[in-house]
Amino acid sequence: MQQPVKLVSVGTAVPPHVIDQRDAARASHTAFSSRFGDFEKLARVFETSGIRRRYAVRPIEWYLETSGWPERNLAHIEGAGAMFVAAASKALVSAGIAAGDVDTIVTVSSTGIATPSLEARVSRELGFRDDVERVPVFGLGCAGGVSGLSIGSRLAASRPGSVVLVVAVETCTLAFRMDKLTKANIVATALFGDGAAACVVRASETGLAEVELAGQHTWPDTLDIMGWSVDPEGLGVIFDRAIPPFAETHVLKGVTSILARSDLAPADVDRFACHPGGSKVITALESALKLSQGTLDQEREVLSDYGNMSSPTALFVLEKLLAQGLPRRTVLTAMGPGFTLSCLSLTAAA
């Protein structure tokens, strides 16, 4: 009989530089107010975002002075590498597993280019084996943490007893662009933070929770809702203002479709754990999933303390829910470029 795939541990990490939301608002005012006619109107997003502070791989002054893709990508490689080590180390220690015991590493990141990829760059520091299998995953954006955990779980199921380490690490603040006078860029400076989350999964009898199912749903003709644009200065954010109403209108259908593949329905879920992309997105998700307003309390807390870190953010929520004890069935959800919904169901350990 095949053993179930278990989530064994979760570890999170953030970079050293703290960005208070008030300081971010002042820096953005300095950078944009004299050049962007609607800035004062758009600047209200700093107050309505639901964010108190965020963390960044560079001090706030660096973003005001630095331009150019090479400098930004170097900051990604250095900052993401350090967070990878910190988050992975926490997850491995929590699992009681040495880095040399890891058989497969799934690395999720969409905010910079690293070739060789991040897990190769930190391999010696962490102590991975020479024969460890590397699975870098790029382009999933905010959905990447949930999708990466799904990929890692399938790899663990395919080789029972093997240890799979999933690491989602993003440097979203490197998309702060002083040269781009767009609403999307100003919103990004109010929302984005940097962070990393790591999970250990394996097919075994013990763990924090069992991975029950996973799936994705992609809507056609939605490529322009979210993503990156690329130019000589670096990555530029693509944010469509329709994201909250799109979530409110379509998420339930996507979740229902994914759950139905395992003969489940939304009513069978005890807790939805959602990627907190922003305060309006959280409210839209509560409405879409027919939850009482305020139900997604841990999501709002993560958003307030860390901002939108893209792929690891949903795993920060999961870590908080694990600390308070998972109910019978928890479904992680996150939306990302595509436009795609990713879901993964966890059942509490007996």
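Predicted model: local features only at pLDDT ≥ 70, side-chain atom pairs only at ≥ 80, totals over all residues.
Residues are numbered from 1 along each chain as its sequence is written, and side-chain values use heavy atoms, with hydrogens and water left out.

Contact (heavy atoms within 4.5 Å) involves 61 residues of domain 1 and 51 residues of domain 2. The size of an interface is often expressed as the accessible area lost when the parts come together. Here the buried area (accessible area, with a 1.4 Å probe, that two parts lose on being put together, summed over both) is about 4,200 Å², and carbon and sulfur atoms give 63% of it. Of the area that domain 1 buries against domain 2, Leu7, Cys142 and Val146 supply 17%, more than any other three residues.

Between the domains, 19 residue pairs are in polar contact, both residues being at pLDDT 80 or more. A polar contact is a pair of N or O atoms within 3.5 Å; within protein, one atom must be able to donate a hydrogen and the other to accept it, and residues adjacent in sequence count only if both atoms are side-chain atoms. Secondary structure elements are DSSP runs numbered from the N terminus, with helices (H or I) of at least four residues and strands (E) of at least two. Elements giving two or more residues to the side of domain 1 that touches domain 2 include β1 (5–13), α5 (69–95), α8 (144–158) and β7 (194–203). Strand β1 gives the most, with nine residues. By class, this side of domain 1 has 28 nonpolar, 21 polar and twelve charged residues; Ala, Val, Leu, Ile, Met, Phe, Trp, Tyr, Cys and Pro count as nonpolar, Asp, Glu, Lys and Arg as charged, and the others, Gly among them, as polar.

Side chains of opposite charge can pair when their charged atoms come close. With a salt bridge defined as a side-chain nitrogen of Lys or Arg within 4 Å of a carboxyl oxygen of Asp or Glu, the count comes to 14 salt bridges. One salt bridge is counted between domain 1 and domain 2. Asp305 and Arg52 also form a salt bridge through their side chains (2.6 Å, N to O).

Glu133 and Arg159 are paired at 3.1 Å, N to O. Relative accessibility classes residues as buried (under 20%), exposed (over 50%) or partly exposed (in between), with a 1.4 Å probe and protein chains only. Glu133 is partly exposed at 38%, and Arg159 is partly exposed at 43%.

Arg300 forms a salt bridge with Glu286, with the closest N and O atoms 2.7 Å apart. Because Arg300 belongs to helix α12 (residues 297–306) and Glu286 to helix α11 (residues 279–288), the pair ties together parts 14 residues apart in sequence. Arg300 is partly exposed at 28%, whereas Glu286 is buried at 0%. Finally, Asp103, Arg129 and Asp131 are linked in a network of salt bridges.
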